Amino acid sequence: SRASAFLASVETPTRKVEKIKDHFGKEIPISEYFGCMTFGLAQMREKLPKDDYTHLMRTLDQSKKLPKDTAESIASAVKEWAVSKGVTHFCHWFQPMTGSTAEKHDAFISIQHAHHSELRVIERFTGSQLIQGEPDASSFPSGGMRSTFEARGYTAWDPTSPLFIVEEENGKTLCIPTVFFGYHGQALDNKTPLLRSVDTLSKDAVDFLKLLGDVDVKKVSPTLGVEQEYFLIDKKFAALRPDLLLSGRTLLGASSARGQQLEDHYFGSIPSRIKSFMQEVEFELYKLGIPVKTRHNEVAPAQFELAPIFEDMNIASDHNLLTMEVLRRVALRHGLVCLLHEKPFAGINGSGKHNNWSIANDKGENLLEPGHTPHQNLRFLACLSVVLRAVYNHAAVLRAGIASPGNDHRLGANEAPPAIISVFLGSLLEDILNSIESGKALKATDEQIIDLGVSQIPDISKDYTDRNRTSPFAFTGNKFEFRAVGSSQSVSVPMSFLNAAVALSFRESATELRDLLKKKKRDEAVMELIRKVIKETKAIRFNGNGYSDEWKAEAKKRGLPILSTTPDALDVLKNKKLTQFLVDTKVLTKEEIESRYHIAVERYVKTIDIEHTSLIEMVGVYIIPAMEKHMKLLSDSHDSMTSASLKKLHKGRVDEFEKVFTTVLSTYEQFLAKTEKSRNSHDEHKRMWDIVKDLQPASFKLRDAVDSAELLVSDELWPFPKYREMLLAH
Ligand code: ADP
Ligand code: MG
């Protein structure tokens with residue numbers, strides 16, 4: 001029964017986490033095993049012959065083809081290292097457009113024919129096995145870019161991201177980070193566009209910075225630190241819920257009397273079972289060279305967060321995908337299930353993935369950090385306005401980049417950033433921009449002052465203490481935080497869109513600056529550009545409450561795109577004018593954009609279809625039968641009552657239940673009829689809109705009815721673990 005499952009689960013013992021120990025049984029410090037399961041550029045420098053390493057570096061710098069000998073030499077060093085760690089298989093690890101990762105394993109072994117018919121098995125790993133693979137691509141989405149006769153897909157090694165070993169109880173596998181593309185070079189994955197966007201952003205930013213006077217800058221890199229939110233619930237509860245098993249979120253469930261209203265979970269002490277889970281996650285991540293730094297409880301009960309130290313974007317993106325895998329895998333070892341869904345439980349906070357984004361030059365200076373010299377501060381303001389312009393011009397596509405059925409439950413709800421993209425700068429920076437715009441001096445206190453060195457420029461404060469949790473895109477001192485990204489999403493998509501937007505904005509701003517430089521001295525020309533951009537992009541800046549209805553009205557007045565649902569947002573990808581910047585920056589071709597649109601529509605429809613099918617099953621074969629039993633219980637006991645006054649009182653209970661039962665049955669019938677009708681259509685685009693306009697509202701009505709029933713039906717008869725059990729029993 002429910003109660004015994006409940007008891008058994010709370011008794012799950014805390015798992016002890018194994019640590020690497022030295023000969024004396026003392027724990028080895030993190031610094032000594034950090035990255036021990038990775039083989040990246042640092043290890044290559046150490047292990048490869050000097051010439052080969054030089055060749056590899058040249059290949060990376062000039063995007064040339066890797067010489068065959070070098071590839072062989074790298075492969076052999078990699079094999080030696082991997083075999084010494086007990087690895088038997090290798091795989092090309094790639095990121096198909098499903099949003100997750102894929103791998104195809106091959107053994108290292110190879111057969112050597114010795115004398116006569118004698119076979120010898122040896123460990124072998126060649127350069128071409130390292131560099132290229134040909135997984136059967138037909139089972140990965142291509143969005144119509146591939147006809148069956150050319151169903152081939154290729155994977156190619158991305159040497160900028162370290163190779164790593166995945167250790168499982170039943171074996172170790174060497175994973176090779178790769179891009180995945182089709183016969184004609186079309187991107188079939190999320191990594192390729194990300195790499196392209198990083199490249200373009202660098203080129204355009206370098207051009208711009210040169211005009212600013214940074215003549216020796218060669219490279220600009222986007223940096224990324226991903227805060228990952230997740231829920232943990234007992235595995236035994238998940239097994240009892242078809243919705244959690246199939247969709248990763250609850251489709252039914254009345255709110256627990258105690259949810260998050262006391263706000264006592266956030267930064268509260270971490271339960272010991274969870275702490276040991278976290279320790280094991282961190283241990284695994286450190287071995288994989290992932291610099292995870294913070295862990296804490298989140299706002300909702302059973303919700304937690306993990307954040308690493310920021311890294312180069314491509315690596316940070318790979319690392320986030322790996323982190324999600326490790327979270328899921330380690331949770332199971334602790335008898336837990338890690339839910340990465342954006343909205344696993346209605347009525348309490350959902351999960352997001354804050355993308356902390358900035359750009360750095362090749363000296364490692366953060367270009368969004370106000371600096372120590374007048375030049376650095378002018379550069380800071382210039383780059384800041386370039387970002388403002390990027391977000392202002394491409395807000396609709398940035399919104400499309402975070403669209404998913406899961407995120408629809410979160411965006412615009414009372415705890416997550418709204419679906420309207422705007423930028424929060426904090427009141428001081430806001431004052432500074434306003435005074436630059438008006439040409440009036442700013443009043444600032446002494447400690448807030450940093451020198452800009454140009455007479456007409458006001459002083460900039462370094463004090464960014466205020467925070468606005470309701471903004472989807474917030475400046476937090478030395479970086480922007482894109483908070484609207486969903487917790488289960490691959491960051492590659494939103495980040496490649498953002499990089500592309502910023503790249504094009506650098507490009508356009510450089511063109512304008514070049515013109516201004518013909519007429520004015522440099523600092524004045526830069527100031528003039530900044531002023532112009534501030535004026536032009538004013539509508540995107542919003543410091544107020546993003547949850548309020550006033551903001552919706554105001555945003556509409558300002559002409560900002562309001563794309564409340566995934567269908568609204570996806571239709572943006574069909575608008576050639578809006579997506580042109582992705583083509584101009586060579587991040588995606590027209591064909592690739594179209595295919596991504598089709599895949600997103602299809603995934604939206606399929607995901608919700610799965611939810612609706614499981615909802616129908618849950619209500620039809622669990623809930624309604626439980627209600628029938630309860631009905632019988634009610635009427636039997638009613639009939640057995642002899643006291644007239646008791647009977648009269650009890651009649652109220654019967655009536656109330658009958659009312660709810662009627663609503664459950666009628667909303668169930670309506671929902672069934674609607675889903676069946678919609679499934680007759682083969683037009684995916686029409687189905688997407690049917691779902692959002694018609695089916696979803698009907699499914700929510702059904703859910704509401706069932707949730708009211710949960711509060712009436714005898715606890716013994718209720719077929720599913722309840723919210724309070726799943727959320728509060730740790
Ligand atoms: P906050 O409290 O503002 O969220 P933290 O310092 O805890 O700030 O940082 C949150 C995340 O932002 C971390 O992952 C951190 O590494 C990352 N971060 C800090 N600086 C940068 C940067 N320059 N570029 C990208 N991410 C950064
Ligand atoms: Mg943060």
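Which strand gives the most to the shell around ligand 1? A few friendly notes on this predicted model follow.

1. Conventions. Residues count from 1 along each chain as its sequence is written, while chains are lettered from A and ligands numbered from 1 in the order written. Because this is a predicted model, local features need pLDDT of at least 70 and side-chain atom pairs count only at pLDDT 80 or more, whereas totals for chains, interfaces and linings use all residues.

2. The strands at the ligand. The answer is β10, with 4 residues. At least two shell residues each come from β10 (220-234), β12 (303-308) and β15 (353-361). Strands here are DSSP runs of E, at least two residues long, and helices are runs of H or I, at least four, numbered from the N terminus.

3. The shell itself. There are 15 residues around ligand 1, and Thr 223, Gly 225, Phe 310, Asn 356 and Ser 358 come nearest (near means a C-beta atom, placed from the backbone, within 6 Å). The shell holds 6 nonpolar, 7 polar and 2 charged residues (Ala, Val, Leu, Ile, Met, Phe, Trp, Tyr, Cys and Pro are nonpolar; Asp, Glu, Lys and Arg charged; the others, Gly among them, polar).

4. Domains. Domain 2 (191-218 + 352-587) and domain 3 (229-253 + 260-351) each contribute at least three residues to the shell around ligand 1; the bounds come from an automatic or database domain assignment.

5. The whole chain. You will find 23 helices and 18 strands in the chain. Along its principal axes, the C-alpha trace spans about 100 × 90 × 60 Å.
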